[in-house]
Amino acid sequence: MKAVRAIATQLGFDYCGRSRQFMHGSVWRSELFTKGRNGYIKHLIRGQVEDLPIAVADYQYTTGSGKNKRTVRQTVAVVELQQTSLPQFSLKPETVFHKIGGLFGYQDIDFETHPDFSKHYCLKGNDEAAIRDCFFSDVLSFFENHRQFWVESTGAALIIYKRGRSHKPQDWQKLINSACRVYRQF
């Protein structure tokens with residue numbers, strides 16, 4: 001907690017502890033925040049970078065039970081979209097399960113012009129036409145070269161993280177910088 005408070009002070013952010021009020025309400029309906037059970041945030045900080053409202057927190061949730069019980073912990077950055085409107089989507093590294101699921105109709109929006117993007121990422125959302133419009137060539141190229149990101153859009157916020165990875169507080173500045181870079185792509 002002391003390290004997170006120090007980072008918040010260094011960045012000019014507010015330390016909010018375990019408050020759930022750090023994000024637009026739609027974030028709680030995102031794919032990430034509806035996984036598992038007993039989800040909660042801690043070590044929340046929020047502030048602005050280049051007039052972008054940004055929040056960073058550690059988030060954890062539990063899946064399975066008994067011997068299969070697993071707690072997932074990760075650090076999440078959320079950028080509130082004030083002047084940009086994006087469709088709802090989920091972008092994550094593609095796994096063998098996504099490829100197998102594709103045989104059974106699992107949605108994955110692919111781009112013929114960027115086969116490397118399509119090979120390494122699973123992109124899904126309800127409004128495929130709107131998603132294709134915002135994933136233009138420069139955005140696709142960016143993600144081809146930065147494969148570590150998991151990104152969700154709720155329409156009102158972008159959620160950026162690396163699944164199952166908690167960052168040390170001294171690395172939160174890097175996550176904030178990455179979140180700003182992802183936001184600027186759109």
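**Note on the predicted model: burial, cores and helix packing**

1. Phe13 is buried, at a relative accessible area of 6%. Buried means under 20% relative accessible area, exposed over 50%, and partly exposed in between, with a 1.4 Å probe and protein chains only. Phe13 sits in the loop between helix 1 (2-11) and strand 1. Helices (H or I, at least four residues) and strands (E, at least two) are DSSP runs, numbered from the N terminus.

2. A word on the basis. This is a predicted model, where local features need pLDDT of at least 70 and side-chain atom pairs count only at pLDDT 80 or more, while totals for chains, interfaces and linings use all residues. Residues are numbered from 1 along each chain as its sequence is written, and side-chain values use heavy atoms, with hydrogens and water left out.

3. What does Phe13 touch? Setting aside neighbours within four places in sequence, Phe13 is in contact with Ala8, Ile45, Arg46, Gly47, Gln48, Val49, Ile54 and Ile176. Contact means heavy atoms within 4.5 Å.

4. Gln48 is one of the partners of Phe13. Gln48 belongs to strand 2, which covers residues 37-49. Gln48 counts as partly exposed, at 49% relative accessibility. Beyond residues up to four places away in sequence, Gln48 touches Phe13 and Pro53. Gln48 and Tyr161 are 113 residues apart along the chain, and their C-alpha atoms are separated by 18 Å.

5. Phi of Asn38 is near 55°, a positive value in a residue other than glycine. Phi of His43 is also near 55°, again positive in a residue other than glycine. Are they buried or exposed? Asn38 is exposed, with a relative accessible area of 55%. His43 is buried, with a relative accessible area of 18%.

6. Cys16 lies in strand 1 (residues 14-17). Not counting residues up to four places away in sequence, Cys16 touches Leu44 and Arg46. Cys16 and Gly36 are 20 residues apart in sequence, and 24 Å apart in space from C-alpha to C-alpha.

7. Gly36 returns as a partner of Thr62. Thr62 is part of strand 3 (residues 52-63) and counts as buried at 8% relative accessibility. Apart from neighbours within four places in sequence, Thr62 is in contact with Gly36, Arg37, Asn38, Lys69, Arg70 and Thr71. Asn38, the exposed residue of point 5, is thus also on the list for Thr62.

8. Next, the cores. A nonpolar core is a set of buried Ala, Val, Leu, Ile, Met, Phe, Trp, Tyr and Cys residues joined through side-chain atoms within 4.5 Å. The largest has 38 residues, and Phe89, Phe135, Phe143, Leu158 and Phe186 have the most contacts inside it. Helix 6 (residues 172-185) gives the most to this core, with seven residues. A second, separate core has 17 residues, including Phe33, Tyr59, Val76 and Val78.

9. Phe186 touches Thr84, Leu86, Phe89, Cys134, Phe135, Val139, Phe143 and Leu158, leaving out residues up to four places away in sequence.

10. Helix 6 has 14 residues. From first C-alpha to last, helix 6 reaches 20 Å, close to the 20 Å expected at 1.5 Å a residue. The expected span is 1.5 Å times one less than the number of residues. The buried residues of helix 6 are Trp172, Leu175, Ile176, Ser178, Ala179, Cys180, Val182 and Tyr183.

11. How do helix 5 and helix 6 pack? Helix 5 (residues 137-145) meets helix 6 at an angle of about 150°, with the axes 9 Å apart. Axes are lines fitted to C-alpha atoms, for helices over the stretch in contact, and angles run from 0 to 180 degrees between N-to-C directions. The two helices are therefore roughly antiparallel to each other; the label applies to angles over 145 degrees.

12. At this contact, Asp138, Val139, Phe142 and Phe143 of helix 5 meet Arg181, Val182 and Gln185 of helix 6. The contact residues divide into four nonpolar, one polar and two charged. Here Ala, Val, Leu, Ile, Met, Phe, Trp, Tyr, Cys and Pro count as nonpolar, Asp, Glu, Lys and Arg as charged, and the others, Gly among them, as polar.

13. The buried residues of helix 5 are Val139, Leu140, Phe142, Phe143 and Glu144. These pack against strand 5 (89-93), helix 3 (115-120), strand 6 (121-124), helix 4 (128-134), strand 7 (150-153) and helix 6.

Key:
Parallel < 35°, antiparallel > 145°, perpendicular 65-115°, else oblique.
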